[in-house]
Amino acid sequence: MSARVRAARLRALLLTLLLTLVTFFVVAATATGCAGGGDERPRVVVTTNILGDITREIVGDEADVSVLMKPNADPHSFGLSAVQAAELENADLVVHNGLGLEENVLRHVEAARASGVATFAAGEAADPLTFHAGGEGGPDGGTGAPDPHFWTDPDRVRKAAGLIADQVVEHVDGVNEKAVRDNAESYDGQLADLTAWMEKSFAAVPEDRRALVTNHHVFGYLADRFGFRVIGAVIPSGTTLASPSSSDLRSLTQAMEKANVRTVFADSSQPTRLAEVLRQEMGGDVDVVPLYSESLTEKGKGAGTYLEMMRANTSAMAGGLTGD
């Protein structure tokens, strides 16, 4: 046998061995992937970024938390992409606000629930208040529509956070219950500290200045918890999708004149045009103070977390009402 033939046969043998090894590793990797398909990290999907921040504090590293609403978005009007809608139906748990807040997302949440996904409406579990749709608004325990903005009361957020922890433990397989409970306990302490700090900050506001006017009805829970009166809103509704009429503005300016109110609080993520119109209606003697009312900002932009948002709002409100 010539050297050339022996070399050719050796190359063929080596090639055969190489192909065998490649095939072996491909099959092994495929088998491992199939066997590990159930070992993917569990996922919690949250609709709004405020609830997303609260949920992340509770879940910690125990699961992936995906938040659908981007920073500075309006919860009343934001929508979902097809990919985000699919995320809902592939989640272990969906946390949403409820009470009509996420108007364009509700049908996707309902579809996820119908497909067997566990869902939790935080607002519906936080002792919701009601508000009037027009005139002098605020919580009255009457027959108005439910107010979805429960997060402006940190005590209700404490209740909702505890219930979110319960939902995670019950419905998200693979999480460490002790870790989730420890996270929830730690966050509950931070929320209790926030409430105490807000009480101290608002104590400086005298009784004759404890009246609120906002760009729409969003601070009813805060007013109920900390002893404020909600005189009205530029948009006499619980949603930013409504618009005021000239009679609405006239009624509001009359209420403000009667209560001697000269400060309007407007959402920082929304144009303040309507509040500026009110300023014109009252002869320019109105201060417009921006607040972070319905959405977190990007990190480092003033309200990157729920706790940061509430502290910023409390400082701005106390300062705006006392003139400091």
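A search of the whole structure, which is a predicted model, finds three aromatic pairs. Rings of Phe, Tyr and Trp (for Trp, the six-membered ring) are taken as a pair if their centres lie within 6.5 Å; planes under 30 degrees apart count as stacked, over 60 as edge-to-face and the rest as tilted. The centres of the phenylalanine 202 and phenylalanine 228 rings are 5.0 Å apart and the planes stand at 80°, so this pair is edge-to-face. Phenylalanine 202 belongs to helix H6 (residues 177-202), while phenylalanine 228 lies in the loop between helix H7 (220-226) and strand S8 (229-235), so the pair ties together parts that are 26 residues apart in sequence. Helices (H or I, at least four residues) and strands (E, at least two) are DSSP runs, numbered from the N terminus. Buried means under 20% relative accessible area, exposed over 50%, and partly exposed in between (1.4 Å probe, protein chains only). Ring pairs also join Phe202, Phe226 and Phe228 into a cluster.

Residues are numbered from 1 along each chain as its sequence is written, and side-chain values use heavy atoms, with hydrogens and water left out. Local features need pLDDT of at least 70 and side-chain atom pairs count only at pLDDT 80 or more, whereas totals for chains, interfaces and linings use all residues.

Two arginines have their charged ends placed over aromatic rings. The charged end of arginine 210 sits over the ring of phenylalanine 228, at 4.3 Å from the ring centre. For arginine 311, the ring is that of tryptophan 197, and the distance to its centre is 4.8 Å. A charge sits over a ring if NZ of Lys or CZ of Arg is within 6 Å of the ring centre and within 35 degrees of the ring normal.

Methionine 310 is part of helix H10 (residues 306-322) and is buried, with a relative accessible area of 3%. The C-alpha atoms of methionine 310 and tyrosine 292 are 8.0 Å apart in space, and the two residues are 18 apart in sequence.

The protein as a whole has ten helices and ten strands. Of its 324 residues, 46% are buried. Among contacts between residues at least 6 apart in sequence, 64% join residues at least 24 apart. The protein exposes about 15,600 Å², of which carbon and sulfur atoms supply 52%; this area comes from the Shrake-Rupley method with a 1.4 Å probe.

Helix H3 (residues 82-89) has Gln84, Ala85, Glu87 and Leu88 as buried residues. They cover an arc of only 150° around the axis, which puts them on the same side of H3. The arc is that of the directions from the helix axis to the C-beta atoms. Ala82 and Val83, on the other side of H3, are exposed. The buried residues of H3 pack against strand S1 (43-46), strand S2 (64-67), strand S3 (93-96) and helix H4 (106-114).

The structure holds twelve salt bridges, each defined as a side-chain nitrogen of Lys or Arg within 4 Å of a carboxyl oxygen of Asp or Glu. One of them joins the side chains of lysine 159 and aspartate 127 (3.2 Å, N to O). This pair links distant parts of the chain: lysine 159 lies in helix H5 (residues 154-171) and aspartate 127 in the loop between strand S4 (118-121) and strand S5 (130-131), 32 residues apart. Lysine 159 is partly exposed at 37% relative accessibility, and aspartate 127 is partly exposed at 45%.

A salt bridge also joins glutamate 177 and arginine 181 (3.6 Å, N to O). Both residues lie in helix H6, four residues apart, about one turn of the helix. Glutamate 177, with a relative accessible area of 42%, is partly exposed, as is arginine 181 with 31%. The side chains of glutamate 257 and arginine 262 meet at 2.9 Å, N to O, in another salt bridge. Glutamate 257 is partly exposed at 43%, and arginine 262 is partly exposed at 24%. Elsewhere, salt bridges that share partners connect Asp155, Glu199 and Arg225 in one network.

How values were computed. Contact = heavy atoms within 4.5 Å.
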